[in-house]
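Here is a short briefing on one protein chain. Look at the sequence and the fold, then read on.

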Amino acid sequence: TMMELFEKIDSLSDESTIGVIVCYAEIYNERVRDLLSPSGDLQMRENVNKEVCIAGLKYEKPRSAEEVLAMLEKGNANRTQHPTDANAQSSRSHAVFQVVVQQKSRAPGLSTQVKTGKMSLIDLAGSERATVTKNRGTRFREGANINRSLLALGNCINALAEQKKGKHVPYRDSKLTRLLKDSLGGSCFTVMIANVRPLFSSYEDTYNTLKYADRAKYIKSTLVSNLVSVDIHVTKYKSIVENLQNEVAQLKQRLSHCMPSSSAVVPVTPTFCFPQTELAEYNELAQMCEEKLSICLDTVDVESARKEAEEKRFEKEQMMERLRCWEPEAGNESFVLLERREEKLESREAELREKLIRCESRIEKKAGQLGCLGSSGSFAVEIYGRLESEVKEKVARRSEERF
């Protein structure tokens, strides 16, 4: 599989940028350890996408299938093992070896799509009976933790196999099930391989193992494409242009090697360089839009405060009308304070509106200039539209919060 993966990466190198990372961890006595870089116990966390990850786990970047196999052997050498009466090389932990592949298109643009795939190889420690293994002390506690995590995994498989809508799946009962959450009930294809032996003395263990593995066949997953669209920031456009220049130079060099020597084309290094002045202009445009956003948000806040003051004054007037029958001068001072506050807010709102008009005028002028600049001017319209839409979205969100 790894050999086919890297052969495919080589064949797609001209069209896509593909990266491969590898990690190897073990779960020993409900504690997570790194097998590629052994240190201490690691903690499990959830990222912003509600995906379970291991904090501090080291990820390696292999460049060939041989390096992947070498990492697997290195991790196996660091794995916790101890002989028992039932097995001379008994694994005392569960091991999880993961290979993550990310693919990005080389095509230029203001956004790029990232495809992500993950293959997880899980080696589960076998369930143990103390009467057979005759374990005591540390080995007995290890066997108890192994059986506990396997029981939690079985409960998760049963819950997923029943396919009842809204049924709770107890992933948090064990660190093993938390880590394998996306490998069981996520967008995945799961295969379980059972290790048994055809001996009459192992009949009961063989039957229970096959029954345990058979339940995984009834899990049905909903497959979703792991495709994410990532927008590129304005400040990255310079590097995009430089990458395109390098790619053009490489293609010209390949073309010169393919053509006959008599008509060979001498590779020409592109003389165009992304001007620093244009990059400064784009940054200035982004700063102007940030200034516009700040003015718009302040305007929304002031307008909200002015409306609140008007509502308070209206309520005060209604209340004072009832009291003036007995005290004609009641509440005059408070009315004056409310009117002064409204005047200040109205003045501030008018000031912000004038400031917004001036800012919008400068933005339109700058956008017009960028639209007429060199070869990179084609980006200007899309940049301006994206910045304007971002301003509108944030202003609309603030308006919903205030009103």
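Is R63 buried or exposed? R63 is exposed, because its relative accessibility is 70% and exposed means over 50% relative accessible area, buried under 20%, and partly exposed in between (1.4 Å probe, protein chains only). This is a predicted model, in which local features need pLDDT of at least 70 and side-chain atom pairs count only at pLDDT 80 or more, while totals for chains, interfaces and linings use all residues. Residues are numbered from 1 along each chain as its sequence is written, and side-chain values use heavy atoms, with hydrogens and water left out.

**The chain as a whole**

- The protein chain has eleven helices and nine strands. Helices (H or I, at least four residues) and strands (E, at least two) are DSSP runs, numbered from the N terminus.
- The protein chain has 403 residues, and 33% of them count as buried.
- Accessible areas come from the Shrake-Rupley method with a 1.4 Å probe; for residues, only the protein chains shown count as cover.
- Take the contacts in the protein chain between residues at least 6 apart in sequence: 68% of them join residues at least 24 apart. Contact means heavy atoms within 4.5 Å.

**Salt bridges**

- Side chains of opposite charge can pair when their charged atoms come close.
- The structure holds 15 salt bridges. A salt bridge is a side-chain nitrogen of Lys or Arg within 4 Å of a carboxyl oxygen of Asp or Glu.
- R31 lies in strand β2 (residues 31-34), and D41 lies in the loop between β2 and β3 (43-46), ten residues apart.
- R31 is partly exposed at 34% relative accessible area. D41 is also partly exposed, with a value of 40%.
- Another salt bridge joins R172 and E46 at 3.1 Å, N to O. This pair links distant parts of the chain, 126 residues apart: R172 is in the loop between α4 (138-162) and α5 (175-179), and E46 is in strand β3.
- R172 is exposed, with a relative accessible area of 58%. E46 counts as partly exposed at 34% relative accessibility.
- R63 pairs with E67 in a salt bridge, and their closest N and O atoms are 3.6 Å apart. E67 is partly exposed, with a relative accessible area of 27%.
- Shared partners join E26, R31, R33 and D41 into one network of salt bridges.

**A positive patch**

- K312, R340, R341 and K344 form a positive surface patch. Patches are made of residues with over 30% relative accessible area and no salt bridge; like charges are joined within 9 Å, and nonpolar side chains (Val, Leu, Ile, Met, Phe, Trp, Tyr) within 5 Å.
- Helix α10 (residues 332-371) gives the largest share of the positive patch, three residues.
- R341 sits in helix α10. R341 is partly exposed, with a relative accessible area of 44%.

**Around R106**

- R106 is in the loop between β7 (94-105) and β8 (111-123).
- R106 is partly exposed, with a relative accessible area of 38%.
- Leaving out residues up to four places away in sequence, R106 touches S13, D14, E15, S16, T17 and E247.
- R106 and E247 are 141 residues apart along the chain, and their C-alpha atoms are separated by 9.6 Å.

Note on methods
Lys and Arg count as positive and Asp and Glu as negative; His and the chain ends are not counted. The place of a charge is taken as NZ of Lys, CZ of Arg, CG of Asp or CD of Glu.
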